[in-house]
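Thanks for coming. Please have a look at the structure first.

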Amino acid sequence: MNKKILSKSISILAIALLANMASAQETTLRLVSAFAENGIYVQRLQPWINKFNAEGKGVLQINFLGGPKAIPTFEVGNAVKTGVVDMALSTGAFYTNVMPEADFLKLTQISVAEQRKNGAFEAINAVWNEKGNMQYLARMVENQPFHIYLNKKIDKADLSGLKIRITPVYRDFFLELNANVITTPPGEVYSALERGVVDGYGWPIGGIFDLNWQEKTKYRVDPGFYDAEVSLLMNLPAFKRLTEVQKTYLHKQLLALEAENTFWAKYTTEELARQAKVGIQTITFDAATTKSFKDKAYAVGWAAAQKQSPEIAAKFKPLFSK
Ligand code: 173
């Protein structure tokens with residue numbers, strides 16, 4: 001073999017080797033949850049992770065590091081932004097410290113499938129990429145309105161004299177209803193109720209049994225308002241590092257996760273029955289008050305969004321509304 005042919009075959013070999021390495025590259029993404037490990041959201045995520053890892057051998061894997069014990073609830077957003085972790089399960093209210101706009105996601109009134117179709121996901125990602133250094137991957141919870149849960153009875157839509165546990169989700173609306181508000185992560189709700197630090201709390205229709213709050217809950221106020229948003233987020237540089245093959249695989253699995261969202265309507269029915277069974281009473285209003293209560297929630301929510309970020313609120317509102 002002459003020198004020329006030898007060097008040529010070496011370079012062909014090198015290229016083949018590199019190509020092979022690229023196709024055989026497996027990446028493991030580190031994921032944390034801002035919600036408790038024994039709660040419904042992580043319970044639903046776990047089988048998805050198992051399937052993701054089983055089908056993603058040689059392509060992409062997820063290493064679930066744990067819940068708030070791994071990273072405290074309100075610090076998860078910054079961990080994604082800075083790349084301390086690659087992925088997280090969280091909700092906008094938990095990372096308003098990264099970008100206040102995160103909490104706007106509670107205001108969606110259309111399905112996740114529609115949000116994919118009408119450009120809402122692109123609009124969200126334009127903001128999330130720029131302000132949060134993160135990619136908004138998939139929303140795994142919908143059809144879960146928030147409610148006010150109380151230990152003291154009210155006979156009108158007024159929380160005067162009551163101390164209510166909140167997150168940013170409820171702040172402006174509950175203040176409008178004259179509540180005294182205290183922000184805590186979910187992990188501190190039980191002890192706040194037990195010690196009488198609060199008379200009630202905001203939470204979606206489902207999940208109050210996960211941390212035993214039913215033991216300390218006497219009433220639920222109907223109707224609900226907004227829609228609980230729980231989503232997978234990813235550090236933007238980590239997302240950009242993925243190969244096309246990995247991105248395609250991830251996207252396929254994210255759509256499969258969202259396709260399971262039909263679960264939530266059934267879950268609501270079950271949770272309503274379960275709450276009634278343990279004696280949680282409902283506080284309801286007449287039809288006109290019910291409507292104005294809900295309307296007020298959205299009016300207050302959008303007004304706060306517009307005040308916070310006029311341009312982004314104006315972009316999101318038509319994409320989020322019916
Ligand atoms: O902690 C909360 O009450 C909260 O903001 C929230 C958001 C989404 C789902 C569940 C709870």
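Start with Arg44, which lies over the face of Trp264, 5.7 Å from the ring centre. A charge sits over a ring if NZ of Lys or CZ of Arg is within 6 Å of the ring centre and within 35 degrees of the ring normal. Lys247 has its charged end over the ring of Phe239, at 5.2 Å from the centre.

A word on the source: this is a predicted model, where local features need pLDDT of at least 70, side-chain atom pairs count only at pLDDT 80 or more, and totals for chains, interfaces and linings use all residues. Residues are numbered from 1 along each chain as its sequence is written, and side-chain values use heavy atoms, with hydrogens and water left out.

Back to Trp264: it belongs to one aromatic cluster, whose members include Phe35, Tyr41, Trp203 and Tyr267.

Now the pairs. Rings of Phe, Tyr and Trp (its six-membered ring) pair if their centres lie within 6.5 Å; planes under 30 degrees apart are stacked, over 60 edge-to-face, and the rest tilted. How many aromatic pairs does this rule give? The count is 32. One of them is Phe225 with Tyr226, edge-to-face, at 5.2 Å centre to centre and 80° between the planes. Both Phe225 and Tyr226 are buried, meaning under 20% relative accessible area with a 1.4 Å probe, protein chains only (exposed is over 50%, partly exposed in between).

Why is the pair of Phe316 and Phe320 stacked? Because their planes are at 25°, with the ring centres 4.8 Å apart. Phe316 counts as buried because its relative accessibility is 0%, and Phe320 is buried at 0% as well.
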